[in-house]
Amino acid sequence: MNRPFVIPFHEGRLKMKDLLGGKGANLGEMTRAGLPVPPGFTITTAACLEYFEAGRILTEERKREIAMALSGLEQEAGKKLGDPRDPLLVSVRSGSVISMPGMMDTVLNLGLNDETVEGLAGLTDDPRFAYDCYRRFIQMFGDVVLGMAPYRFEETIEVRKEERGATSDTELSAEDWKWVIERFKEEVERETGNPFPQDPVDQLHRAVLAVFDSWHNQRARIYRKVHKISDGLGTAVNVQMMVFGNAGDDSGTGVAFTRNPSTGEKALYGEYLINAQGEDVVAGIRTPEPIAALASRMPGIYEQFRSICRRLENHYRDMQDIEFTVERGKLYILQTRSGKRTAHAAVKVAVDLVNEEIIDRETALTRVDPEQLDQILHRRIDPEAELDVLAKGLPASPGAASGRVVFDADIAERLSHEGQKVILIRPETTPEDIHGIVAARGVVTSRGGMTSHAAVVARGMGKPCICGCGEMEINLKQKEFRVAETVIREGDEISIDGGTGHVISGSVPLIDPELSEEFQLLLKWADEYRRLAVRTNADNPADAAKAREFGAEGIGLCRTEHMFMEADRVPLVQAMILAETVEERQKALEKLLPLQKEDFRGIFRTMDDLPVTVRLLDPPLHEFLPDMEELLTEWTRLSMNPDADPQELREKEQLLRKVRSLHEMNPMLGHRGCRLGLIHPEIYVMQLKALFQAAAEAMAEGVTVEPEIMIPLVGHVNELKEMRKLVDEVASEVQEESGRAIPYTVGTMIEVPRAALTADEIASVADFFSFGTNDLTQTTFGYSRDDAEGKFLHHYIDHKVLPENPFVTLDTDGVGKLVSMGVELGRKSKSGLKTGICGEHGGEKQSIRFCHQTGLDYVSCSPFRIPLARLAAAQAAV
Ligand code: ADP
Ligand code: MG
Ligand code: MG
């Protein structure tokens, strides 16, 4: 393969982006389209990779190629590098394949030395300009190539400004800059032991290498890590003739977006500065003017720029981010790229471009990153507000909330019933805190990661959540937390931003999510393209309603245990568990039945006409009982108190015995799922009665029901056979009583490897499979999720032992193989078998793509991720 190392702009084109980098490819493309781009050439990524491979050496061969390209550039420019009368100056600009704004280095005004600066000065009426360029060059070369600290140079300029009583750089004269340049050169010599390099070709080589090297600087590395960009791509280097925005008041420089990157509104959005160069606009030394002001300042240029913006948008068929410079009344375009934008803007721009007939619907669907939609679907902090940030944790669930601090789930629930807004703060949360999370506006934990219990639950509810906020020292006894010197007590008001991880003192102004017309439209287009159905995980009518509003086409997972966790039911559930005989248990169950029936009825009503998959009780029973250690402490306290009520003591003892007997070494693999149903069928019978009676009653109201009964944790076909028998028995009993034929199906979760391996056998008694990929990931890897995330998983991901957190992104090679095997085997023995996924992966875009490719019928995810899933499913299909 012959990959060229140096290519002039006029031979470059967009297609060659891998070789030329984004900036170089676009400069080539614009040059060929006849736009006013200063001439230049690109040293390709191939040259960069070769340089690193050779141990950071630029070969003689490459130097010759650069020399040839340079002489071509000199001909185009009509000037020569180093010519003492009329020198060519160039910029040396980085440009990687995937844009990494501001992460790598650039050197401007290269080619200046003690001699050429005089030549440049002689060309204009105002020699100040030439000295301004030279001092800028020494500054940038010093920083980028010689590795000197930028503040050294800034200090010298400040000294001179003070002496002159000047507030702005532009007030300094040619003489001032000459003085500054002498100091700069002394500084360079002192620091590096050598005089400032005077040979322009030597300057060029060194700058090119420094830009190559900047590929590996700290911030570029971090940026790549965050954005999952490969370290092996390398950067191209663009050498381009300088044009001068600092040549006087008829010159200037600026940056503009063709549309507003924060709202998507179709209007030029940007800033410019008169008599300025390069970085001045973003450096904040002078306040730039809004681009609209250019219309009156330089009307001709403004019109020309606008028409170029339109051309570029049409050419690239996307919103552009454009750098320009005006030199003595002539406009030059220095860069264009597709502009980074918020989710709001992404949606609006995509839809507007379709309406303007610039792109088609399919393309529009690919223009919005599903992950970004989180930003749209949550209340957020007014971006204009000033914030007093106390601490920062992991941004685990986006959105913002304010409320009073509480440290206990029960108190959270009580206060919220009284109408107060609360934020729940815990070292970590467990399923027992669920009611507190329900009651709270948001959750903060000092331990745990982005996939910890609190995070998962909060995201499911669309509630803001911050996890692993280690700066926060929580004292549960004192009911306070401390961050450095600040102490926040129960009842104090704080705010949290789950999108940034900021914990903020006091309240903040919030703005509501807007489901804009454009957003609805885009999702409608997504529905036309996707093949996967999108369902929701919902345990109550409110969540189900929310999900329907977002476009859910059924419930893929209704977890019945959450219905047991409401505060007023816990005593009933505990009585049921503590029962010593089947009769006693039966009594407790009878009290639970009407409550559970009401839950189901509400869900059926809300999901009228849509399928509802109900999973029978899954967690081990001890999850509904108090913590053993806590109990033990209480019992010890009681038993040492001579005045204690003997009855109470006996009850505590009994409870303790039961908790002990239910204690498991490894609850994840313990007595749960269908293993519960097999040993204590009366629990499942109660749930099934409630379910079928609710279905019959809803039908009587005119609701169309489609219940799908799901048996959890099946590993052997016989387990499902038994459970199916139980379901059919209860169903026929209720059908007889009610006189209604209830259309129901029975299926299973596939969440242990054996179920996937024997899916053909299991499918013979199942109507549907739902891949429970949370448990399937645990059981396939043999990781207990709660232990893995706190102890070793982060290390694994940081050190690339695993490419990604398998609890977030489905491990397609391993767990995914079991899923495809399960689908294939299952369909072989039952052709119409319905298949879906209900793990958290059902709401993650890469995993959704996998589900599409594997031929699943649906994905199921939490209500707030439904729009994301609709879009991701469409992207997988186009
Ligand atoms: P970044 O990728 O960090 O934006 P650039 O290579 O785009 O770095 O350079 C930064 C700035 O330098 C540009 O915004 C532009 O204003 C200025 N610049 C670069 N090349 C030239 C040039 N040939 N003439 C004038 N200004 C230039
Ligand atoms: Mg740039
Ligand atoms: Mg499970």
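**Overall make-up**

I began with the secondary structure and counted 35 helices and 33 strands in the chain. I note at the outset that this is a predicted model, and I read every entry below with that in mind.

I then looked up the extent of the chain, whose C-alpha atoms fill a box of roughly 105 × 65 × 55 Å along the principal axes. Of the 878 residues in the chain, 49% are buried. Among the contacts with a separation of 6 or more, 67% are between residues 24 or more positions apart.

For the division into domains, I noted domain 1 (6-241), domain 2 (252-338), domain 3 (380-511) and domain 4, which is made up of 530-620 + 664-877. The centres of domain 2 and domain 4, taken over C-alpha atoms, are separated by 54 Å.

**Helix α7**

I checked the length of α7 (residues 174-192) against expectation: at 1.5 Å a residue its 19 residues should span 27 Å, and since its end C-alpha atoms are 27 Å apart, the two agree.

Which residues of α7 are buried? I found Asp176, Trp177, Val180, Ile181, Phe184 and Val188. Viewed down the axis of α7, the buried residues fall within an arc of 135 degrees, so they line one face of the helix. That buried set packs against α5 (128-144) and α6 (150-164), whereas Glu175, Glu182, Glu189 and Arg190 are exposed on the other side of α7. After α7 comes Gly193, and I recorded that its phi is positive, near 80 degrees.

**Positions from the record**

I next turned to the UniProt record, an unreviewed entry, which lists Arg559, Arg615, Glu751, Gly772, Thr773, Asn774 and Asp775 under "binding site".

I then located Glu751 in the loop between β30 (745-750) and α28 (753-757). Glu751 is also buried, with 27 other C-beta atoms within 10 Å.

Notes. Residues are numbered from 1 along each chain as its sequence is written. Chains are lettered from A and ligands numbered from 1 in the order in which they are written. This is a predicted model: local features need pLDDT of at least 70, side-chain atom pairs count only at pLDDT 80 or more; totals for chains, interfaces and linings use all residues. Helices (H or I, at least four residues) and strands (E, at least two) are DSSP runs, numbered from the N terminus. The expected span of a helix is 1.5 Å times one less than its number of residues. A residue is buried if 20 or more other C-beta atoms lie within 10 Å of its own, exposed if 12 or fewer, and partly exposed in between; C-beta atoms are placed from the backbone. The arc is that of the directions from the helix axis to the C-beta atoms. Two residues are in contact if their C-beta atoms, placed from the backbone, lie within 7 Å. Domain bounds come from an automatic or database domain assignment. UniProt positions are given in the numbering used here, feature names are shortened, and annotations may be inferred rather than shown by experiment.
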